[in-house]
4 protein chains.
Amino acid sequence: MASNSFYAVIAGVGAGTGRSVALKFAKTYPVVLLARKPESYNDIVAEIKAAGGQAIGISTDLSSADAQASAAETIKKEYAGKKLAAAVYNASGGVGRKPFLEHTVEDLETGLAVNARGLFIFAQTYLPQLLESVDASPAHPPTLIVTGATASVRGSAKFSIFAAGKFAVRALTQSLAREFGPQGVHVAHTIIDGVIDIPRTRAWPVNDGKEDGKISADAIADSYWYLHTQPRSAFTQELDMRPYVEKF
Amino acid sequence: MASNSFYAVIAGVGAGTGRSVALKFAKTYPVVLLARKPESYNDIVAEIKAAGGQAIGISTDLSSADAQASAAETIKKEYAGKKLAAAVYNASGGVGRKPFLEHTVEDLETGLAVNARGLFIFAQTYLPQLLESVDASPAHPPTLIVTGATASVRGSAKFSIFAAGKFAVRALTQSLAREFGPQGVHVAHTIIDGVIDIPRTRAWPVNDGKEDGKISADAIADSYWYLHTQPRSAFTQELDMRPYVEKF
Amino acid sequence: MASNSFYAVIAGVGAGTGRSVALKFAKTYPVVLLARKPESYNDIVAEIKAAGGQAIGISTDLSSADAQASAAETIKKEYAGKKLAAAVYNASGGVGRKPFLEHTVEDLETGLAVNARGLFIFAQTYLPQLLESVDASPAHPPTLIVTGATASVRGSAKFSIFAAGKFAVRALTQSLAREFGPQGVHVAHTIIDGVIDIPRTRAWPVNDGKEDGKISADAIADSYWYLHTQPRSAFTQELDMRPYVEKF
Amino acid sequence: MASNSFYAVIAGVGAGTGRSVALKFAKTYPVVLLARKPESYNDIVAEIKAAGGQAIGISTDLSSADAQASAAETIKKEYAGKKLAAAVYNASGGVGRKPFLEHTVEDLETGLAVNARGLFIFAQTYLPQLLESVDASPAHPPTLIVTGATASVRGSAKFSIFAAGKFAVRALTQSLAREFGPQGVHVAHTIIDGVIDIPRTRAWPVNDGKEDGKISADAIADSYWYLHTQPRSAFTQELDMRPYVEKF
């Protein structure tokens with residue numbers, strides 16, 4: 001039941017969750033892929049088109065309000081007349097584990113730029129469109145899904161900046177769920193608790209190298225699609241996902 | 001893709017979640033319905049059979065180890081050779097809102113009997129079967145799903161006993177997830193945050209009587225089925241569900 | 001500023017937290033010590049008296065409503081005319097780590113007897129007295145303090161019963177705080193996250209045997225006294241305590 | 001037991017918590033008060049001096065690394081040779097309740113500037129000093145206390161930015177507790193759940209205008225002092241405080 005009058009936008013696509021989510025949602029909707037660099041989405045766009053779907057990729061610095069506004073303009077032209085069915089924010093900052101005193105203020109800015117500010121701008125850009133879609137008889141309630149991590153609920157030692165960003169993202173998402181849920185927009189947050197199984201992580205000895213010890217990005221995409229299809233009488237605001245062998 | 005070599009057992013069926021879960025799982029598996037009184041499951045069993053499915057109902061006091069053992073014996077005879085695909089514990093005690101000092105110790109026993117002890121016995125009865133199913137190439141990982149409520153994460157005033165039971169159930173489920181997840185059994189807990197939309201609640205002025213202001217039991221059942229189908233690389237341990245207009 | 005018109009009752013005294021709390025509160029109030037066996041409180045009672053304080057010990061099976069009622073009768077006689085300033089529930093069940101399938105239903109009953117039922121009875125016994133004290137111009141708001149543990153907020157693998165009991169206790173306490181706080185009674189829950197430093201644990205190689213790697217029972221007692229002295233404009237409902245080197 | 005070889009620094013002083021904390025800690029230590037404007041600390045400094053204590057105030061934009069570095073330089077000169085006993089971060093951003101779509105990116109920056117970045121810089125500035133104090137035989141473990149709010153654990157509707165900042169602050173603090181606790185520095189976070197009772201809020205009809213329905217800033221200061229005096233065998237990482245009549 002592909003729908004041509006609605007589209008989906010996925011911010012933060014690459015080799016993992018973003019790619020799988022794009023492929024999944026593209027089975028039903030024309031999709032827009034946002035990533036900093038074309039090489040992050042070119043192959044995915046091609047793959048979707050080869051399978052008969054519609055997709056456009058737009059190079060976007062998600063931490064920049066101007067860049068996101070420009071992307072939205074491009075979408076308006078390319079997908080003129082289409083309403084927004086789902087917006088997925090899957091971007092994450094590039095600040096990892098480090099002793100606190102070795103971080104710089106610039107690290108903090110970097111950590112908050114994509115996580116907190118990027119989501120903030122993304123939500124301000126697409127929530128008005130999601131609200132418009134509520135009355136357009138969509139098959140499923142318009143949906144905003146935000147990807148979180150273990151660090152969304154736990155400030156571990158030496159993950160100060162990463163946790164600050166992810167906690168902030170969770171706060172924003174929770175607040176948006178409480179403000180826009182009653183208006184008919186489904187706002188959900190996921191806690192991805194484990195390492196995604198992608199080429200880059202394949203050799204990592206996670207969970208003693210056990211089979212399925214890393215998270216399948218396709219399984220995450222299935223969950224995101226499931227969230228999107230929930231009726232408004234039973235919205236899930238938050239769910240976790242982790243490999244069966246993950247310690248938690 | 002109905003499967004005749006596996007079955008599902010649902011404890012606590014009536015007009016709401018249990019009924020919908022039974023109908024949903026019966027599309028794929030022969031099901032067993034456990035409830036205190038036959039009138040709670042008779043119509044559902046008939047409905048499933050009329051639709052071409054298989055179902056048996058067994059009158060069971062879930063708080064009694066003997067009664068649950070007897071039910072398991074009956075299942076063994078009726079569904080000889082079938083392995084267990086999914087076990088759903090949806091039972092709840094009958095102790096509601098009351099000033100703490102008006103409760104009796106008997107109220108507490110009642111509150112803990114079905115919630116804590118019932119789940120304990122249920123898990124001890126069916127986890128060994130779920131473990132056996134892990135190696136039987138099931139389509140989906142063997143699953144134990146437990147129904148929680150708002151009171152699972154919040155001890156509200158005058159809900160002391162209800163919250164004690166629900167917190168205990170959540171603790172048990174979390175502990176089981178950590179022990180049996182790594183062995184391949186998916187253990188999940190749900191937080192149903194709202195009033196279920198069933199005949200008994202139809203006239204309740206919940207959420208100002210707004211449309212879809214109560215939770216659709218069918219939507220809950222869809223979520224339970226979705227949990228059951230998650231691959232072991234991405235198990236969800238806990239999710240919430242509430243109507244879009246519910247305060248939280 | 002010892003006060004002879006008020007008393008304190010501490011349930012669950014032995015070598016650790018209970019003893020320290022009793023000694024601490026006995027500096028201000030006559031105290032009552034409840035424990036199953038006289039050898040658990042005899043020395044503490046003697047120590048308090050030697051220091052010029054007042055103390056009585058009463059052998060009490062806390063899981064029994066009759067036993068607690070009998071203890072309350074004894075208190076009424078021994079401390080006639082005194083009002084209750086503070087009640088501390090520090091008892092814990094005797095069910096530890098074990099694979100879930102090796103537990104019996106009796107284990108569960110044991111686990112819930114002291115934790116859930118014991119606190120329930122204790123709260124029903126002493127909350128009416130605490131309410132009466134609100135208007136008796138006490139130096140500090142009447143207080144109910146309940147001891148929790150790591151397992152109060154985390155259902156770890158193989159700690160199913162212990163966690164069920166502790167979660168239930170936390171639920172009860174939270175609910176009581178919300179019901180009795182507005183009436184002027186301070187209800188607080190503590191999360192003791194670590195091993196108490198007592199003779200029995202002295203040789204345990206906790207936290208690599210580091211100095212102060214176990215929790216000082218006196219430090220816990222100081223916290224309980226601090227909670228008791230908080231004015232009603234700033235009640236703490238929950239706090240954690242752990243050694244500086246404890247992983248969490 | 002005033003100590004002249006140690007000092008305390010309090011960031012974010014004004015009419016409420018900061019003032020009371022400064023007065024409380026000034027009974028034992030020379031104190032430094034940081035606030036954007038002199039009128040926020042001038043009277044407090046005078047009050048402390050009049051009572052025989054030592055205090056200096058420094059105008060500081062806490063969100064600026066340069067400003068905080070400059071303040072630290074001033075402290076080094078004024079309190080030459082003194083070691084740091086306690087650092088309290090009590091600053092909060094000025095972004096309140098507003099529909100999400102009416103916020104600007106500048107609001108977000110403002111919200112994160114004082115909350116997240118300000119604390120980050122403060123912690124980087126004073127943690128090295130706190131670490132040095134560990135071996136200087138302080139009466140109490142060196143302490144970093146951070147003030148949080150209801151919004152630290154709950155993203156309410158229309159409090160998106162405030163919650164994002166407070167969640168981020170909580171994440172930072174939690175991460176610092178896990179990294180610096182084992183090194184002997186006590187890092188604690190408080191959840192102030194209610195309206196502080198200060199001249200500006202006196203007329204607010206909070207909690208139906210009930211007596212003690214707002215939080216006493218002095219009571220908060222007592223809790224901060226209590227946290228500071230906890231021995232390292234029993235550090236509290238987080239505690240909440242609210243008026244007895246506050247809904248939660």
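Good morning. A:Phe25 and A:Trp225 are both buried, where buried means under 20% relative accessible area, exposed over 50% and partly exposed in between, computed with a 1.4 Å probe on protein chains only. I begin with that pair because its rings have centres 4.9 Å apart and planes at 80°, so the arrangement is edge-to-face. The criterion is that rings of Phe, Tyr and Trp (its six-membered ring) pair if their centres lie within 6.5 Å, with planes under 30 degrees apart counted as stacked, over 60 as edge-to-face and the rest as tilted.

Before going on, a word on the basis of these values. The model is predicted: local features need pLDDT of at least 70, side-chain atom pairs count only at pLDDT 80 or more, and totals for chains, interfaces and linings use all residues. Residues are numbered from 1 along each chain as its sequence is written, chains are lettered from A and ligands numbered from 1 in the order in which they are written, and side-chain values use heavy atoms, with hydrogens and water left out.

Let me continue with the aromatic rings. Over all chains, a search of the whole structure finds 34 aromatic pairs. In the opening pair, A:Phe25 belongs to helix 1 (residues 17-26) of chain A and A:Trp225 to helix 6 (residues 217-229) of chain A, so the pair links parts of the chain that are 200 residues apart. Helices (H or I, at least four residues) and strands (E, at least two) are DSSP runs, numbered from the N terminus. Ring pairs also bring in A:Tyr29, which forms a cluster with A:Phe25 and A:Trp225.

Which two chains does the pair of B:Phe180 and C:Phe100 cross between? It runs from helix 5 (residues 160-180) of chain B, where B:Phe180 lies, to the loop between strand 4 (83-89) and helix 4 (105-134) of chain C, where C:Phe100 lies. With ring centres 6.3 Å apart and planes at 90°, B:Phe180 and C:Phe100 count as edge-to-face. Both residues are buried.

Rings also meet charges here. A:Arg178 lies over the face of B:Phe248, at 4.2 Å from the ring centre. In the other direction, the charged end of B:Arg178 sits over the ring of A:Phe248, 4.2 Å from its centre. The test requires NZ of Lys or CZ of Arg within 6 Å of the ring centre and within 35 degrees of the ring normal.

I turn to salt bridges. Side chains of opposite charge can pair when their charged atoms come close. The search of the whole structure finds 48 salt bridges over all chains, each being a side-chain nitrogen of Lys or Arg within 4 Å of a carboxyl oxygen of Asp or Glu. One of them joins A:Glu109 and D:Arg117, at 3.0 Å from N to O. This pair crosses from helix 4 (residues 105-134) of chain A to helix 4 (residues 105-134) of chain D. A:Glu109 is partly exposed, with a relative accessible area of 27%.

A salt bridge of 3.0 Å, N to O, also connects B:Arg117 and C:Glu109. Because B:Arg117 lies in helix 4 of chain B and C:Glu109 in helix 4 of chain C, the pair joins two chains. C:Glu109 counts as partly exposed at 27% relative accessibility.

Within chain B, the closest N and O atoms of B:Lys83 and B:Glu132 are 4.0 Å apart in their salt bridge. B:Lys83 is in strand 4 (residues 83-89) and B:Glu132 in helix 4 (residues 105-134), so the pair ties together parts 49 residues apart in sequence. B:Lys83 is partly exposed at 31%, whereas B:Glu132 is exposed at 52%. In chain A, A:Asp193, A:Asp240 and A:Arg242 are linked in a network of salt bridges.

Next, a residue at a chain boundary. B:Ser233 lies in the loop between helix 6 (217-229) and strand 7 (238-241) of chain B and is buried, with a relative accessible area of 4%. A polar atom of its side chain lies 2.9 Å from the backbone nitrogen of A:Ser216. Leaving aside neighbours within four places in sequence, B:Ser233 is in contact (heavy atoms within 4.5 Å) with residues including A:Asp212, A:Lys214 and A:Arg242.

Finally, the relation of the copies. Chain D superposes on chain A by a rotation of 180° with 0.0 Å of shift along its axis, at an RMSD of 0.0 Å. That is the relation of a two-fold axis. Thank you.

Notes:
Copies are superposed by least squares on the C-alpha atoms of residues with pLDDT of at least 70 in both. A polar contact is a pair of N or O atoms within 3.5 Å; within protein, one must be able to donate a hydrogen and the other to accept it, and residues adjacent in sequence count only if both atoms are side-chain atoms.
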